[in-house]
Amino acid sequence: MVQIEPFIPNQRTVMENETKISVILPVYGVEKYIEKCVDSLLSQTLDNIEFIFVDDHTKDKSIDLVKRRIEGSPKASQFVFLRPEHNLGAGMARNYALQFAKGEYVAYVDSDDWIEANMFEEMYQKAKEYNSADICICQASKDFIDTNKSEILTNPQVEPGEFTDEKRSYFMTHYVSLFWTFLYRRDFLLDNNIAYPEDRSADDSFFVACAIMKAQSLSYVDKPFYHYLIRPGSICTTKDNTKYQKRLIVFEKLLAFAKESGTYAKFKEEVDFIYIKKGYISSLFNYAINNSELATDKIEKITAEFERLIPDHKTNRFVKRSLPTRLILWNAKHFPMATAKLLQIIGTKRKMAV
């Protein structure tokens, strides 16, 4: 259990009942990028935001740079600094900060990224238009620091308003893990026990999936407000030859969440398809990309775990509709080593996240 530090009320001037959005930012090893992030927070046009920085025992001067950047700013009192007893990892650091958040809504920003000045004003207004929607979604720009190129990352587009079964089914089978493009109603997260898992792999995908499963209403702003920076040394570009194991654990936990929350009874095929794509197939990719020396027994073990959890995957209607998915499943079962080598080539060629 994480030890919670006592909160000091005079750190805030924004009244608790006036705080519209709490923005949570874990901080670890980002001193080269964090000042641009802070500048984008200071430029936000929405009033009554709090920015909660979690010093996750960073070894560089990231936190000092934040404090120096906001010094003398009229918005300095909106910045809150927390430090847990030990390093938690980004996901658990976000959980830690949520206990202190006072905003009606919660947003998550990675401290090496940056956002457009009107992001939170437009998203908050749009969320309020739909009777305080549980979630509001925007788009993102994926920025490559080494090439100065960008590409737009989009969430599935569904009609705003009530999150009907049809909309939920579509979103669950098409979502991407852009958790920082979401604005979440704080009470919605707390009431449904939506939190990041302690495993340091695919925790963002887990979190988004849980929110999609339980949200009753949503709103949408079709603009790329968030700038997601791809840089050397970030989690998505750092190799970890055990990451596939953590991913499998996380998506087994997602199956458990779906069953415990009542979602699985109505959306079994959708939840199973999430596991097939983001649990099983992505774990195969993770294993292939992160390990130069491949072993048939490990590939077979990944497949055996998948078949144990989703024994009826062949009859899944979403699998039947996806030829690439069917091909990967069949080949991984019958030609595990050849499949892994092919995934390794594809991942390397496309410079896929590891």
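Which residues of α4 are buried? In this predicted model, local features require pLDDT of at least 70 and side-chain atom pairs count only at pLDDT 80 or more, while totals for chains, interfaces and linings use all residues. Residues are numbered from 1 along each chain as its sequence is written, and side-chain values use heavy atoms, with hydrogens and water left out.

The buried residues of α4 are M119, F120, M123, Y124 and A127, where buried denotes under 20% relative accessible area, exposed over 50%, and partly exposed the range in between (1.4 Å probe, protein chains only). Viewed down the axis of α4, these residues fall within an arc of 110°, so they line one face of the helix; the arc is that of the directions from the helix axis to the C-beta atoms. An α-helix has 3.6 residues a turn, so residues three or four places apart point the same way.

Helix α4 is followed by N131, with a positive phi near 50°. N131 is not a glycine and is located in the loop between α4 (119-129) and β6 (135-144). Most residues other than glycine have a negative phi. With a relative accessible area of 73%, N131 is exposed. A positive phi of about 55° is also found at N193, likewise not a glycine, in the loop that connects α6 (186-191) and α7 (203-214). N193 has 64% relative accessibility and therefore counts as exposed.

A one-sided arrangement is also found in helix α2 (residues 62-70), whose buried residues are S62, I63, L65, V66 and I70. These cover an arc of only 160° around the axis, which puts them on the same side of α2. Their cover includes β1 (21-27), α1 (34-42), β2 (49-55) and β3 (79-82). The residue G72, which follows α2, has a positive phi near 85°.

Helix α9 (residues 263-290) contains F273, which counts as buried at 6% relative accessibility. Leaving aside residues up to four places away in sequence, F273 touches T173, N316, F318, V319 and T325, a contact being defined by heavy atoms within 4.5 Å. The C-alpha atoms of F273 and T147 are separated by 35 Å, the two residues being 126 residues apart along the chain.

At the level of the whole protein, the secondary structure comprises 13 helices and ten strands; helices (H or I, at least four residues) and strands (E, at least two) are DSSP runs numbered from the N terminus. Along the principal axes, the C-alpha atoms fill a box of roughly 65 × 45 × 40 Å. Buried residues account for 53% of the 354 residues. Of the contacts between residues at least 6 apart in sequence, 80% join residues at least 24 apart.

The accessible surface comes to about 16700 Å², and 51% of this area belongs to carbon and sulfur atoms; areas come from the Shrake-Rupley method with a 1.4 Å probe, and for residues only the protein chains shown count as cover. There are 48 positive and 49 negative side chains, and the centres of the two sets lie 5 Å apart. Lys and Arg count as positive and Asp and Glu as negative, whereas His and the chain ends are not counted; the place of a charge is NZ of Lys, CZ of Arg, CG of Asp or CD of Glu.
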